[in-house]
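Subject: The structure for you to look at

Hi there,

Here is the structure I promised to pass on. Please open it alongside this email, and I will walk you through what turned up.

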Amino acid sequence: MKSTVETLSPTRVRLEIEVPFAELEPSLKKAYREIGSQVNIPGFRRGKVPTAVIDQRVGRGAVLNEAVQEVIPTQILAAVREHEVKTLGRPEVEITEFADGQPLKFTAEVDVRPAITLPDLDAIEVTVDALVVSDEDVEEQLKGLRDRFATLKTVERTALVGDYVQIDLEATVDGEEVPGGSATNVSHEVGSGQLVPGLDDVLVGMGAGDSTTFTTQLVGGEHEGRDAEVAVSVKSVKDKQLPELDDEFAQLASEFDTLDELKEDLRTRLTRVKRMEQLYSARDLALKAVIDATDVPAPEGVVKDEVESRKESMNDQLQRIGASFEDYLQTEGKTEEEMDAELNEAAVEGVKVQLVLDTLADAEDIQVSDDEFGHEIVHRAQRAGMGPQQYYDQLVQAGVAGAVFGDVRRGKALGLVLERVKIVDSDGTSLSLDDLRGAVEDHEGHDHGDHEGHNH
């Protein structure tokens with residue numbers, strides 16, 4: 001095999017490869033064996049069909065084609081290794097010359113990792129918001145916890161904002177019932193805006209046994225955009241009664257004996273959450289600063305594949321909830337061109353991040369241990385609801401186990417970025433990665449289920 005490499009751009013090369021016909025012989029024999037085992041020709045046992053008969057029945061061209069298709073990937077790999085090309089994505093192959101008994105000549109254009117000069121990480125400084133947990137923040141958490149332990153009591157009066165009402169609804173257009181526009185015994189919080197637009201306005205002042213109608217514009221279905229008459233009947237009105245904020249409530253809602261202890265625990269939890277927000281902010285800001293300080297061209301082919309991958313993932317998620325891409329665009333108020341532009345921008349940014357972190361990992365000779373890789377497999381398998389071995393086997397079959405390995409290595413490179421850059425908050429206080437990481441580990445190891453309430 002002979003090969004040359006031509007640089008087309010900082011992110012793309014063209015390999016020209018010539019393979020002598022003699023080097024095709026092993027693949028040619030394999031192709032004859034595989035085709036011979038698949039065809040059924042009278043007078044010959046399957047797998048024992050002579051090559052001349054296969055040439056006559058199937059065609060020498062089909063055998064040559066199968067042999068070439070097997071040879072091309074291995075020859076590209078050999079050329080990549082010979083020229084030390086760091087490829088990205090899939091190559092675009094074009095056979096330029098081939099005839100029976102003659103050398104195979106083809107080209108392979110492929111994106112490559114560009115040469116990147118990394119900035120001095122120690123010279124980069126990022127500023128995150130200072131950590132502030134106010135009394136108002138704690139009171140807001142306490143209010144939410146108190147709401148979860150509220151009880152509903154039927155009252156003999158008309159509805160006010162914040163009350164819960166039991167109602168029947170029926171929507172009609174031109175006197176005909178709207179498909180899916182009727183509901184009975186619906187529990188609704190007055191003022192929440194959770195149901196039909198205009199409903200909360202008429203519910204205020206209505207009592208048990210009262211009925212009325214109002215007009216609303218339909219926002220979905222076959223009558224979308226048309227006005228509908230909605231009949232509403234109130235069956236009951238219930239007042240939301242909140243428990244007193246005292247030590248007894250603390251004992252009911254938590255493992256603490258006093259309200260002060262509960263408040264202090266809420267403050268600690270909020271501090272943890274805000275520390276996590278600082279870490280994620282520092283991560284995003286540090287990556288942006290490194291990329292801004294680095295001339296990173298994004299390979300077009302890799303970006304294109306990434307956009308398609310993101311679009312496919314988005315479509316899969318929409319299908320799982322019974323929606324279409326067109327529905328999503330309408331909800332977001334965007335055209336497909338605008339969405340494609342957003343996806344392209346995100347893909348370019350994502351590819352640049354990967355390139356920078358891969359370059360840093362190479363420069364620092366970052367290694368991934370078996371334990372680190374195994375831990376990531378276990379973590380991903382748990383999220384997928386699968387056993388680790390089953391999950392790993394699927395990765396191998398799909399040929400993406402290496403991608404997971406790359407993710408782990410980039411994660412370690414990102415940790416190195418956060419160790420090197422200077423992180424300060426808006427008050428001028430220096431923060432270490434250990435400070436931020438400790439809060440996250442503490443948060444992840446903490447039991448989230450000890451403040452349990454009752455649903456209405």
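An unreviewed UniProt entry places the feature "domain: PPIase FKBP-type" at residues 158-215. In this model, which is predicted, that span is 9% helix and 50% strand.

Next, have a look at Thr-216, which sits in strand 9 (residues 211-217). Is Thr-216 buried or exposed? Its relative accessibility is 5%, so Thr-216 counts as buried, the cut-off being under 20%. The Thr-216 side chain also reaches the backbone oxygen of Pro-197, at 2.9 Å. Setting aside neighbours within four places in sequence, Thr-216 is in contact with Val-196 and Pro-197, and also with Arg-226, Asp-227, Ala-228 and Val-230.

Now for a pair of helices. Two packed helices are described by the angle between their axes and the distance between the axes. For helix 3 (residues 135-148) and helix 6 (residues 259-292), the axes come within 9 Å and cross at roughly 110°. Angles of 65 to 115 degrees count as roughly perpendicular, and helix 3 and helix 6 are therefore roughly perpendicular to each other. On the helix 3 side, the residues that meet helix 6 are Asp-135, Asp-137, Val-138, Glu-139, Gln-141, Leu-142 and Leu-145. Their partners in helix 6 are Leu-259, Leu-262, Lys-263, Leu-266, Arg-267, Leu-270 and Lys-274. By type, the residues of this contact between helix 3 and helix 6 divide into seven nonpolar, six charged and one polar.

Two more residues may interest you. Val-80 lies in helix 2 (residues 51-83), and Val-80 counts as buried because its relative accessibility is 12%. What does Val-80 contact, leaving aside its neighbours within four places in sequence? The residues are Leu-15, Val-85 and Thr-87. Leu-15 is 65 residues away from Val-80 along the chain, while the C-alpha atoms of the two are separated by 8.3 Å.

Asp-295 is in the loop between helix 6 and helix 7 (300-320). With a relative accessibility of 68%, Asp-295 counts as exposed, because the cut-off for that is over 50%. Asp-295 and Val-63 are 232 residues apart along the chain, and 47 Å separates their C-alpha atoms.

Happy browsing, and do write back with any questions!

Best wishes

Key: Residues are numbered from 1 along each chain as its sequence is written. This is a predicted model: local features need pLDDT of at least 70, side-chain atom pairs count only at pLDDT 80 or more; totals for chains, interfaces and linings use all residues. Side-chain values use heavy atoms; hydrogens and water are left out. Helices (H or I, at least four residues) and strands (E, at least two) are DSSP runs, numbered from the N terminus. Buried means under 20% relative accessible area, exposed over 50%, partly exposed in between (1.4 Å probe, protein chains only). A polar contact is a pair of N or O atoms within 3.5 Å; within protein, one must be able to donate a hydrogen and the other to accept it, and residues adjacent in sequence count only if both atoms are side-chain atoms. Contact means heavy atoms within 4.5 Å. Axes are lines fitted to C-alpha atoms, for helices over the stretch in contact, and angles run from 0 to 180 degrees between N-to-C directions. Angles under 35 degrees count as roughly parallel, over 145 as roughly antiparallel, 65 to 115 as roughly perpendicular and the rest as oblique. Ala, Val, Leu, Ile, Met, Phe, Trp, Tyr, Cys and Pro count as nonpolar, Asp, Glu, Lys and Arg as charged, and the others, Gly among them, as polar. UniProt positions are given in the numbering used here, feature names are shortened, and annotations may be inferred rather than shown by experiment.
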